[in-house]
Amino acid sequence: MGLQQQGPVIVITGTPGTGKSTHAQLLLNDSPIPLRHVNVSEYVKEHGFYESYDEKWQSYTVDEDKLLDELEPLAEAGSLILDWHSCEPFPERWIDLVVVLRCDHSKLWDRLEKRGYELPKIQENNEAEIMQVVLEEARQSFATEIIVELQSDSMEDIEANVSRMVDWIKAWQLDHPQEPE
């Protein structure tokens, strides 16, 4: 990135139900530097960055141009967590770390049922997890050295993952010393 960032831009991505928002919230609490969390799905709804709503799949068709225009200044400033089921739309130049959360498909099924998802949506998301759709998307969109795949089956996994991300932020800070203002 051209500007001096105060902190990294981290994408936390994964199939719905893998724990993205939980990881992001815990990372906000544990991070050695202040971070801003954007739950992109909520952000899209709140700001009207969608073209339509699909009743059958209970999902929005996102206007990616509007979304990215709005997110760009936040990404340029750094110290940002982008939490979304997709990472492909984000320009590679914005992102310092892509965390792809994975979950055992039977646990994922249970999580999505508890959320009240309809059967076709549970099946679609479960198939996407089994087929590693989000992981493959990350691999096609970003350099392999900034992608990390983490298992998210239990609270122990989540806590270990957040600890690992905190360690990564500390290493990022050492690699990006802040210049005095």
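**Group meeting: a walk through a predicted model**

Gln-132 is found in the loop between α5 and α6. Residues are numbered from 1 along each chain as its sequence is written, and side-chain values use heavy atoms, with hydrogens and water left out.

Gln-132 has a positive phi of about 60 degrees, although it is not a glycine. With a relative accessible area of 29%, Gln-132 is partly exposed. For that scale, buried means under 20% relative accessible area, exposed means over 50%, and partly exposed is in between, with a 1.4 Å probe and protein chains only.

Which other residue has a positive phi although it is not a glycine? Ser-79 does, at about 55 degrees. Ser-79 sits in the loop between α3 and β5, and is buried at 11% relative accessible area.

Ser-79 also turns up among the contacts of Ile-33. Contact means heavy atoms within 4.5 Å. Not counting residues up to four places away in sequence, Ile-33 touches Gln-6, Gly-7, Pro-8, Ser-79, Ile-169 and Gln-173. Ile-33 itself is in the loop between α1 and β2 (36-39) and is buried, with a relative accessible area of 10%. Ile-33 and Gly-7 are 26 residues apart along the chain, and their C-alpha atoms are separated by 7.2 Å.

Next, the nonpolar cores. As a general point, nonpolar side chains in soluble globular proteins tend to be buried together. A nonpolar core is a set of buried Ala, Val, Leu, Ile, Met, Phe, Trp, Tyr and Cys residues joined through side-chain atoms within 4.5 Å. The largest one has 28 residues, and those touching the most other members are Leu-67, Leu-71, Leu-82, Phe-90, Ile-95 and Val-98. Two or more residues come from each of β1 (9-14), α2, α3 (64-77), β5, β6 (97-102) and α6. Which element gives the largest share of this core? That is α3, with five residues.

Take Val-98 as an example. Leaving out residues up to four places away in sequence, its contacts are Val-11, Thr-13, Cys-87, Ala-138, Phe-142, Ile-146, Ile-147 and Val-148. There is also a second, separate core of 17 residues, which includes Leu-101, Val-148, Val-162 and Val-166.

Asp-69 lies in helix α3 and is exposed, at 57% relative accessible area.

Now the largest pocket. On a 1 Å grid over the protein atoms alone, a pocket is an open set of points where a 1.4 Å probe fits, with protein on both sides within 12 Å along at least five of seven lines, and lining residues have an atom within 4 Å of a point. About 1,000 Å³ of space lies in this one, where volume is the space filled by probe spheres set on the points, which are joined across faces, edges and corners. The lining has 35 residues, and the closest to the centre are Pro-16, Ser-41, His-85, Tyr-117 and Lys-121. Elements giving two or more residues to the lining include α1 (20-30), α2 (40-47) and α5 (119-130).

Leu-108 is in helix α4 (residues 105-114) and is buried, at 0% relative accessible area. Leu-108 and Thr-15 are 93 residues apart along the chain, with their C-alpha atoms separated by 8.8 Å.

Last, the aromatic rings. Rings of Phe, Tyr and Trp (its six-membered ring) pair if their centres lie within 6.5 Å; planes under 30 degrees apart count as stacked, over 60 as edge-to-face and the rest as tilted. The whole structure has five aromatic pairs. In one, the rings of Tyr-50 and Tyr-60 have centres 4.4 Å apart and planes at 50 degrees, so the pair is tilted. Tyr-50 is in strand β3 (residues 50-54) and Tyr-60 in strand β4, so the pair ties together parts 10 residues apart in sequence. Both are partly exposed, Tyr-50 at 33% and Tyr-60 at 31%. Ring pairs link Tyr-50, Tyr-53 and Tyr-60 into a cluster.

Conventions: This is a predicted model: local features need pLDDT of at least 70, side-chain atom pairs count only at pLDDT 80 or more; totals for chains, interfaces and linings use all residues. Helices (H or I, at least four residues) and strands (E, at least two) are DSSP runs, numbered from the N terminus.
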